[in-house]
Amino acid sequence: MAVTTATARKVERRRRHERAARPGESTTKRWILYAIMIALAAFFLFPLVYMLASSLKPDNQVLANSQSPEAFLPTPFAGLENYGDAIDRAQVPRVFLNSVIISGLIVGLGLIVNSLFGYALARLQFTGRNILRATIVALIIIPFEALAVPLLFMGAEVGWLDTYQIQILPFIANPLYIFLFYTFFLSIPVSLEEAARIDGAGPLQIFTRVVMPLAKPAYATVAILGFLFSWGQFLWPSMVTRGIEVRPLPVGVGVFKTTPPVSWGDIMAYTVLMTVPLLVIFVVFQRQFVQGVASSGVKG
Amino acid sequence: MTVAEAAPPKRRVRRRRISRLKSDARFAWLFLTPGAVLLLLFVIVPFAAAIWFSVTNQRLISPLPTRFVGLDNYREQLGDSLFWTSMWNNFRFAGFVVPVQTGFALALAVMVDQNVRGRVLFRTIFFTPVTVVMAAAATIWVLLFNVNGLVNGLLELITLGSFSPDWLNSTTWAMVAIVVVSIWQGVGFQMVILLAALQDVPVERYEAAAIDGAGTWQQFRHVTLPGIRNALVFVLTVTTILAMRLFDQPTLMPRSPGGPLDTTRTAMVHMVDLGFGRQAIGRGSAVAVIFFLIVLVLTVIQRFFLREEINA
């Protein structure tokens, strides 16, 4: 796929929009489009507004309100009471820290390991390169779920149940991310690396000083994808952890389900706490993420 | 591969290239080792183990020695109606979600690709649910789908009270609720991928089509769709694989995982129930292997019918 520079993209977009805004375009059409987009925006946002409003009202008011417009308003206002309860009941500080440790290490170490692997496949000469590349492509198809049962067994054998490492180590190296890095590195013009090589730089220096800065969009994309995936993991942690000590946030929801009177206010407060970090990260980095998807191999 | 330099004498070039290959190979090992070791330990070995366990009577904790049982686990699963129920649930979920979600994502991408004010805002809003982890999304929607919940409130208003099912306790509607949550949470991601592809279609092609008198629909049909073909194939393949893996929603949303009456039990729910719930590692592994083969076959079929074109 052709590499488009940022400016060329901009010019292209301007042309595209001039084309779209040609005089024949009726304003009625435009209003219809707006109406549809606003309806869709409502569809995507109402559960989140509802979650936020519900987290700020007394537990017994959540369902009582939910068939009136008050469902979207924090009335009667209960302050942060639910948050206090949720934090106590689910031991949020502990669980939150667990999630940060687990996702942070998976993403951080994964970026290094997978990009190094992808770079070697894309640029370094060694015997068996083609076989290795084919192996990586084949490994992408193996779903983690198919590995979960034997991994659980192996983990139990070495006494790794209820530990951090069993939640981190299996997810660092990832064939899909390796492949994304590989395709991205292939799209970088080789001349810069050649120039550095002539200046006497070794592969490691070329990688850290020339390639990594150029590959920022790929790193951003893989980081966000990896974070979305690892922060939301549910199947694996619910299989390999029992106590709260090493459990991540998503599994913590279970605490509220086992206790008979359902405190919807607490539950909604907990889901707010679980959702907000990713929401903030996304809103701050959304431009980079969208560009990263556009420039990396994700789109095929 | 290499950039042509001012040609030095032949022999020197050769020597330099050989030494370069040697140093490359040395560094290649350095670069590859961490990833290779981790993939070997956590993908290849467990996968081989899954195949081995599937022909034994391995249990998670058991005083009895492990015994080779041949294809008994497979035979047992293929003769078990619960296994087929799970597979059927997977297929009816994927058969609906894959085309609908992909079409919806394409519609969203086309909308936010228009020259309208606030398109970045709309793009952000459409993507937002992707950042809501599934455990949270499922929990919010359980409340929304409560028999006295917001969804029914709206439906009663529209249908004048004639339609308000108890979604998650209904053998008909529980799967529908899961479909809604899955699309709500996942469609934004496909939208971003398709949007990136839409923006890569050269404007010249639209201009040429317009000169030839093609209307909006014809332009979409003959310029846009072929232009984003590869991205569409990618999205279809990934959505299919993810749909087959359905686990979180049927575990979290109904009162009991896979319920009511196994109408949302999927292959993954079934596998975890066998391997973890009933500690029958051997039988769970057999399901895992069958599941892998099905996903593999589906991927190959899709690739075959939707062959990527290099210069679409």
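Colleague: How much area do chain B and chain A bury between them?

Modeller: They bury about 9900 Å² between them, and 75% of it is on carbon and sulfur atoms. Buried area is the accessible area (1.4 Å probe) that two parts lose on being put together, summed over both. Keep in mind that this is a predicted model: local features need pLDDT of at least 70 and side-chain atom pairs count only at pLDDT 80 or more, while totals for chains, interfaces and linings use all residues. Residues are numbered from 1 along each chain as its sequence is written, chains are lettered from A and ligands numbered from 1 in the order in which they are written, and side-chain values use heavy atoms, with hydrogens and water left out.

Colleague: Which residues of chain B lose the most area to chain A?

Modeller: Those are Phe31(B), Phe42(B) and Leu143(B), together 8% of what that side buries. The contact as a whole (heavy atoms within 4.5 Å) takes 107 residues from chain B and 103 residues from chain A.

Colleague: OK, let's pick one. What does Glu193(A) form a salt bridge with?

Modeller: With Arg123(A); the closest N and O atoms are 2.9 Å apart. Glu193(A) lies in helix α10 (residues 191-198) of chain A and Arg123(A) in helix α5 of that chain, so the pair ties together parts that are 70 residues apart in sequence.

Colleague: Is Glu193(A) buried or exposed?

Modeller: Buried, at 6% relative accessibility, and Arg123(A) is buried too, at 8%. Buried means under 20% relative accessible area, exposed over 50%, and partly exposed in between (1.4 Å probe, protein chains only).

Colleague: Which salt bridges share partners in one network?

Modeller: Start with Arg278(B) and Asp273(B), whose closest N and O atoms are 3.1 Å apart. Salt bridges that share partners join Asp262(B), Arg265(B), Asp273(B) and Arg278(B) into one network.

Colleague: What's the phi of Asp262(B) like?

Modeller: Positive, about 65°, although Asp262(B) is not a glycine. Leu261(B) also has a positive phi, of about 50°, and is not a glycine either. Most residues other than glycine have a negative phi, and most peptide bonds are trans. Leu261(B) is in the loop between α11 (248-252) and α12 (267-277) of chain B, and Asp262(B) is in that loop too. Leu261(B) is exposed, with a relative accessible area of 76%, whereas Asp262(B) counts as partly exposed at 26%.

Colleague: Where is there a cis peptide bond?

Modeller: Between Thr75(A) and Pro76(A), with omega about -10°. Pro76(A) is in the loop between α3 (59-65) and α4 (81-89) of chain A.

Colleague: Switching to helices: how many does chain B have?

Modeller: Chain B has 13 helices and zero strands. Helices (H or I, at least four residues) and strands (E, at least two) are DSSP runs, numbered from the N terminus. Of the 312 residues of chain B, 52% count as buried.

Colleague: How many residues of helix α5 of chain B are buried?

Modeller: 11 of the 11 (residues 134-144), so that helix is largely enclosed by the rest of the structure. Among them are Met134(B), Trp141(B) and Leu143(B).

Colleague: In chain A, at what angle do the axes of α5 and α12 cross?

Modeller: At roughly 145°, and the axes of α5 (residues 92-123) and α12 (residues 216-231) come within 9 Å. The axes are lines fitted to C-alpha atoms, for helices over the stretch in contact, and angles run from 0 to 180 degrees between N-to-C directions. Residues making the contact include Phe96(A) and Val107(A) of α5(A), and Tyr219(A) and Phe227(A) of α12(A).

Colleague: One more: what does Tyr270(A) touch?

Modeller: Its contacts include Ala86(A), Val95(A), Leu249(A) and Phe256(A), not counting residues up to four places away in sequence. Tyr270(A) is in helix α16 (residues 264-295) of chain A and is buried, with a relative accessible area of 0%. Tyr270(A) and Tyr83(A) are 187 residues apart in sequence and 7.1 Å apart in space, C-alpha to C-alpha.

Definitions and conventions:
A salt bridge is a side-chain nitrogen of Lys or Arg within 4 Å of a carboxyl oxygen of Asp or Glu.
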